[in-house]
Amino acid sequence: DLLEKFLLYVNDVSETDLIRVLRFAESIGDVKDHAAGAVCEKLMCLIVTTPYGSAFLQASLRSLSTQEVLILLRFLTQRMVHLSTASATETHPADHDPRRTPSMGQVLDWLSLVLDAHFASLALSSEAHPVLEQVRDLVARET
């Protein structure tokens with residue numbers, strides 16, 4: 001709850017701090033607890049919607065391990081699937097807050113920065129190939 005408020009109400013969150021929160025979210029997401037998974041997803045959505053500087057975020061993303069990047073890529077692809085299957089006429093509830101729900105543009109921006117920061121390591125990792133193929137297919141469908 002405190003991290004959620006931090007991401008929502010602090011205007012100048014550094015990109016390094018975003019990556020720290022991302023690592024924390026990924027660590028609690030490893031727990032096979034539905035509530036922890038929901039908290040992880042909520043934090044990841046808030047991270048993606050938090051304003052950032054592209055160059056600074058890309059530099060901070062380089063500190064992530066390949067495993068951490070794969071977790072992030074899986075999250076981003078899940079969001080892309082969710083957003084692409086959501087009806088264009090779907091109405092949002094009154095409490096819908098765009099700061100809590102990433103747009104397709106925000107997801108694609110993060111995806112681009114992650115891929116730019118880790119392209120070589122992902123290309124060499126056979127574990128990353130299924131995720132990269134899914135990203136390719138999703139992007140091809142959107143264009």
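Trainee: Hello! In the chain, in which helix is confidence lowest, and in which is it highest?
Mentor: This is a predicted model, where local features need pLDDT of at least 70, side-chain atom pairs count only at pLDDT 80 or more, and totals for chains, interfaces and linings use all residues. Here pLDDT is the predictor's confidence in each residue, from 0 to 100, and helices (H or I, at least four residues) and strands (E, at least two) are DSSP runs numbered from the N terminus. Confidence is lowest, at a mean of 90, in helix 7 (residues 129–142), and highest, at 97, in helix 4 (residues 54–61).

Trainee: Let's look at some residues. Is Leu8 buried or exposed?
Mentor: Residues are numbered from 1 along each chain as its sequence is written, and side-chain values use heavy atoms, with hydrogens and water left out. Leu8 lies in helix 1 (residues 2–9). Buried means under 20% relative accessible area, exposed over 50%, and partly exposed in between (1.4 Å probe, protein chains only). The relative accessible area of Leu8 is 9%, so Leu8 is buried.

Trainee: Leaving aside neighbours within four places in sequence, which residues is Leu8 in contact with?
Mentor: Contact means heavy atoms within 4.5 Å. Thr49 is 41 residues from Leu8 along the chain, with 9.1 Å between the C-alpha atoms. Apart from neighbours within four places in sequence, the contacts of Leu8 are Leu46, Arg99 and Arg100.

Trainee: Leu3 also lies in helix 1. Is Leu3 buried or partly exposed?
Mentor: Leaving out neighbours within four places in sequence, Leu3 is in contact with Val21, Phe24 and Leu43. Its relative accessibility is 28%, so Leu3 counts as partly exposed.

Trainee: Which residues of the largest nonpolar core touch the most other members?
Mentor: In soluble globular proteins, nonpolar side chains tend to be buried together. A nonpolar core is a set of buried Ala, Val, Leu, Ile, Met, Phe, Trp, Tyr and Cys residues joined through side-chain atoms within 4.5 Å. The largest one here has 38 residues, and those touching the most other members are Leu61, Leu72, Leu76 and Trp110.

Trainee: Which helix gives the largest share of this core?
Mentor: The elements giving two or more residues to the core are helix 1, helix 2 (15–29), helix 3 (34–49), helix 4, helix 5 (66–85), helix 6 (104–124) and helix 7. The largest share, 8 residues, comes from helix 6.

Trainee: At which residue does helix 6 bend?
Mentor: The bend at a residue is the angle between axes fitted to the seven residues ending there and the seven starting there. The buried residues of helix 6 include Trp110, Leu113, Ala117 and His118, and what covers the buried residues of this helix includes helix 3, helix 4, helix 5 and helix 7. The bend in helix 6 is about 75°, at His118.

Trainee: How are the rings of Tyr52 and Trp110 arranged, stacked or edge-to-face?
Mentor: A search of the whole structure finds 1 aromatic pair. Rings of Phe, Tyr and Trp (its six-membered ring) pair if their centres lie within 6.5 Å, and planes under 30 degrees apart count as stacked, over 60 as edge-to-face and the rest as tilted. For Tyr52 and Trp110 the centres are 5.9 Å apart and the planes at 75°, so the pair is edge-to-face.

Trainee: How many residues apart in sequence are the parts that this pair ties together?
Mentor: Trp110 is buried, with a relative accessible area of 0%, whereas Tyr52 counts as partly exposed at 25% relative accessibility. Since Tyr52 lies in the loop between helix 3 and helix 4 and Trp110 in helix 6, the separation in residues of the parts tied together is 58.

Trainee: What is the count of disulfides?
Mentor: A disulfide is a pair of cysteine sulfur atoms within 2.5 Å. The sulfur of Cys40 has its closest cysteine sulfur in Cys45, 9.4 Å away, which is too far for a bond. Cys40 counts as buried at 12% relative accessibility, as does Cys45 at 6%. The disulfide count is 0.
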